[in-house]
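Okay, everyone, thanks for coming.

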Amino acid sequence: QINTAGARFRAALVAEKPLQIIGAINAYHAMLATQSGFKAIYLSGGGVAAGSLGLPDLGISGLEDVLVDVRRITDAVDTPLLVDIDTGFGGAFNIARTIKSVAKAGAAAVHIEDQVSAKRCGHRPNKAIVSLEEMVDRVKAAVDAKPYDDFVVMARTDALAVEGLQSAIDRACACVEAGADMIFPEAMTELGMYQQFVEAVKVPVLANITEFGSTPLFTVEELATAGVGMVLYPLSAFRAMNQAALQVYQRVRKDGTQKHVVDLMQTRADLYEHLGYHAFEQKLDALYKK
Ligand code: PYR
């Protein structure tokens, strides 16, 4: 067992090329993802907003909201967790506090972006970004606040949609210069764009393969040819669970029974299996043996 979360994230990146990073909306999903073989997991800002708060991904949620979910996930699994910290939740000292708090809560890595604080989902229109200088200051504050060297600060740029590819690449290079460990070019529209980032930044590059967005659903094999280091699926399971939940709610309401949707459900036996329920029960029986 490698003893810091950041070191475990870096080891995963070496072990798997490109590294698949799968979104886990809560502690139980983190367990399911881990048991499915994923070597790294992700807490989406859009996911915290929608799933934990019932709010859109518009910079409404704050550090405490994210920390609650990070702690729950890292208490359940050792799988290294990448956390979306949006714009860092404020100025230099707020960013420092965010990094320290998220790392203390057990996260391995964060991504911090160059949108204005009243941010939008990366795959929606009308985004606005801060200047390159302001983004570099964010990265400097984040890197300076690292509690240990292996903690990963990833810089995300949303510039493609606002200023174009060259500006996005320039920003990424400036962030690496300022100490960013990895680069997340958001909302790419062509495979070749990733390759240009990879060649320019010389640090691992993440491709966000989110559904129903601006980026085609490139496969791991395709992204490997472009030299991408990490492939992110931020909300895939969340979208699927939402669809299943809505079907169950609507059918139970309409039919007066859940009989027609039982096939959509995880069985009690499977739930207990993935949770390790029986080990807890046996422990209890052993503790309080009569
Ligand atoms: C999100 O899922 O919220 C991202 O920013 C990728």
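**Cavity and ligand site**

So, the largest cavity holds about 60 Å³ of space. By cavity I mean, on a 1 Å grid over the protein atoms alone, a set of points where a 1.4 Å probe fits but cannot get out; points are joined across faces, edges and corners, and the volume is what probe spheres set on them fill. This is a predicted model, with local features needing pLDDT of at least 70 and side-chain atom pairs 80 or more, while totals for chains, interfaces and linings use all residues. Numbering runs from 1 along each chain as its sequence is written, and side-chain values use heavy atoms, leaving out hydrogens and water.

What lines the largest cavity? The largest share, three residues, is from α11.

Now the ligand. Which residues are around it? Taking a heavy atom within 4 Å as the cut-off, we get Tyr42, Ser44, Gly45, Gly46, Asp57, Asp84, Arg156, Asn208 and Pro234.

For polar contacts, meaning N or O pairs within 3.5 Å, a ligand oxygen is 2.8 Å from a side-chain N or O of Arg156. Backbone N or O atoms also come in, at 2.8 Å for Gly46 and 3.4 Å for Gly45. The protein covers 94% of the 210 Å² of accessible area the ligand has on its own (Shrake-Rupley, 1.4 Å probe).

Terms used:
Polar contact = N/O pair within 3.5 Å; in protein donor to acceptor, adjacent residues only side chain to side chain. 1 Å grid on protein atoms, 1.4 Å probe; cavity = no way out; pocket = protein on both sides within 12 Å on 5 of 7 lines; lining within 4 Å. Helix = DSSP H or I, 4+ residues; strand = E, 2+ residues; numbered from the N terminus.
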